[in-house]
Amino acid sequence: MSELAGFNIEDLINVTPMNGGGGMQQEPKVEQLMGKLRRLQQGKRALEEEIKEFKSVSDSLQKELETLQTEAYKLEGIHKEKEELCRKLQFQCEESEQDCSRQLKQNKKSEELLEEYRCEIQEFKLKHRKQRMKFENQLHQLIEQHKNLHSVFTPERLPQEIESAGNTKSQLLSAEQIKLAQLHCLDEELEEMKKQKQPVTTAAETQEE
């Protein structure tokens, strides 16, 4: 095809072959010229078809290139968004880990404090039990003494002794009530600390999951 495109029709007509003896040139036959002309026209049409095909392919490739460039631009934007989201998630993850660490430390301190309160309450209960037993023994001894003294003291002094014993009993009962109230307060503080500990423990378990 490229060789045919280089020919000119006028040049082809002007070309006349030489005879074997180097004599005068002879004009080419019309049939030969027409045949060559037809071949040249066919070659031209073939070239034009090829040019159209190449142009069509070039346009298609250009459109595809533009589409790919647009898609690449969109993907680049999505990639930047993903990177930004990844940084935010990483930051949130680090903050969550720090919060979880602080909550675990706070939980450990709360457990230690609860254990101290439990020990104090147990000691207080034991001390109160001993005091109660001592009070009951003293009261029993006092009742026995008054029973024995009833025969010793005169009837005039008996009301005074009974009043004194009643006062002593009231004082002992008041002391016992104060101890019971203190024990009740400690129990309430322990329950309150347990309630405060539960949300912290729940939050820590949620972060671990």
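User: Which residue pairs with D99, and how close are the atoms?
Analyst: D99 forms a salt bridge with R102, and the closest N and O atoms are 2.0 Å apart. A salt bridge here is a side-chain nitrogen of Lys or Arg within 4 Å of a carboxyl oxygen of Asp or Glu. This is a predicted model, where local features need pLDDT of at least 70, side-chain atom pairs count only at pLDDT 80 or more, and totals for chains, interfaces and linings use all residues. Residues are numbered from 1 along each chain as its sequence is written, and side-chain values use heavy atoms, with hydrogens and water left out.

User: Where do D99 and R102 sit in the helix?
Analyst: They are three residues apart in helix α3, so about one helical turn separates them. D99 is partly exposed at 32% relative accessibility, and R102 is partly exposed at 49%. Buried means under 20% relative accessible area, exposed over 50%, and partly exposed in between, with a 1.4 Å probe and protein chains only.

User: How many salt bridges does the structure hold?
Analyst: The structure holds six salt bridges. Among them is E84 with R87, whose closest N and O atoms are 2.4 Å apart. Another joins R118 to E115, at 3.2 Å between the closest N and O atoms; both residues lie in helix α3, three residues apart.

User: Changing topic: what is the overall make-up?
Analyst: The protein has four helices and zero strands. Helices (H or I, at least four residues) and strands (E, at least two) are DSSP runs, numbered from the N terminus. Of the 209 residues, 11% count as buried.

User: Which residues form the largest nonpolar core?
Analyst: That core has seven residues: L114, I121, F124, L183, L186, L190 and M193. A nonpolar core is a set of buried Ala, Val, Leu, Ile, Met, Phe, Trp, Tyr and Cys residues joined through side-chain atoms within 4.5 Å. The elements giving two or more residues to this core are α3 (30-149) and α4 (158-208), with the largest share, four residues, coming from α4.

User: And what does I121 touch?
Analyst: Leaving aside residues up to four places away in sequence, I121 touches L183, L186, D187 and L190. Contact means heavy atoms within 4.5 Å.

User: How many disulfides are there?
Analyst: The count comes to zero disulfides, a disulfide being a pair of cysteine sulfur atoms within 2.5 Å.
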